[in-house]
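Please open the model in your viewer and keep the selection panel at hand.

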Amino acid sequence: MTPMNQHKSDKTPVTLIEGDGIGPEITAALIAVFESLGRPVIWERATMGANAFELAGEALPDETMASLRRTGLAIKGPVQTPLAGGFRSPLVRLRHEFQLFANLRPNRALLAEPGRAPLDIVVVRENTEGLYAAQESYVAVGDDQRAVAVATAYNTRKGCERILRFAFDYAVEHGRKRVTVVHKANVLKILSGIFLETARDLYQGAYSGRFVMEEMIVDACAMKLAMTPERFDMIVTTNMFGDILSDLAAGVTGGLGMAPGANFGERLALFEPVHGSAPDIAGKGIANPVALLFAGALLLEHIGKAAEASRLRAAVAAALNEDRTRTPDLGGKANCAEFTAAVCRRLQ
Ligand code: NAD
């Protein structure tokens, strides 16, 4: 069972984590927009990342873990992770502790582009298996201790079924017409083959006729995403392919500043923007809060507040396209606070 649609009470407690860099700026925007929506949730503030490490000596403090266990629901800004040394990535720990197996990345093109079909592509990525769960090692040859680099990847039938069922259920619940199952079973006949085989069995057994399932090899998928993205509705794939294709889909639909993501496990649903902490613009007040606001819309949908989610998305679209209020990354002159005010006005 995923925690999909389990929280339907009127005011749901949600753990709110600002994160690092531009995190506090875009979180302020999220709080203001939720105020204008009539406070549909109760925030429970917690810390994570480099700020938490500096303040409390821990990147993922015990109080934060306790809050996540209590609420089972969280929304977070980006956290900065040192490339080498420093603290262990709190995100990796969260993924492990809560078995966040499903990564959902809806990509909708919002900036109106005349003459182009509106893009709306949902990518579902398996988050715990595949090559990224690799045991890596070197094999020595002669004097060279690191002559050969080896990684072993695995996919389990249970893990494949869990992510495919998640994606297929999402397709049915959200009225998606076509799900593209992306694989490389022509080369990785066993590793990728088990994913494709499981998809065929599951579709035939329980989903046939409810949407169309198509199969596509990952390299062909990358080319088609770049050339004819409008042909895609939903994609489901394994860990590494999903990592790459979800960023590609974000790129063709407006860039990382616009893309939200959600991670689902047995006991936690975690919503976040796809982008990082943007240290180059942190503190300047010019960050684009749209990705975090859309993560907020996903959260609202998840807790059964679809009407509020639609209002939020419509207000953002109106601020961008009708009021022409845009932050510098979208070619505009507005700062984060001005853009937020424009969204809030649209909600009154
Ligand atoms: P980044 O996404 O932070 O920045 C890439 C570029 O996009 C920068 O030029 C930045 O200014 C711009 N950008 C990103 N978000 C923006 C926004 N909302 N508005 C306007 N411009 C925006 O990627 P990076 O520089 O590779 O990573 C910086 C840090 O973020 C690293 O420590 C990395 O580990 C971390 N990170 C965290 C997450 C996460 O918490 N989920 C995800 C990715 C990266």
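Begin by selecting isoleucine 75, which stands opposite phenylalanine 271 in E12. The model is predicted: local features need pLDDT of at least 70, side-chain atom pairs count only at pLDDT 80 or more, and totals for chains, interfaces and linings use all residues. Residues are numbered from 1 along each chain as its sequence is written, and side-chain values use heavy atoms, with hydrogens and water left out.

Next, select strand E3 (residues 73-76) and strand E12 (residues 269-273), which pair in the parallel sense over three bridges. Strands here are DSSP runs (E, at least two residues), as are helices (H or I, at least four), numbered from the N terminus; two strands pair if DSSP finds at least two bridges between them.

Finally, select Leu91, Arg95, Arg125, Glu272 and Val274, the closest to the centre of the largest pocket among its 25 lining residues. A pocket is an open set of points on a 1 Å grid over the protein atoms alone, where a 1.4 Å probe fits, with protein on both sides within 12 Å along at least five of seven lines; lining residues have an atom within 4 Å of a point. Helix H4 gives the most to this lining, with four residues.
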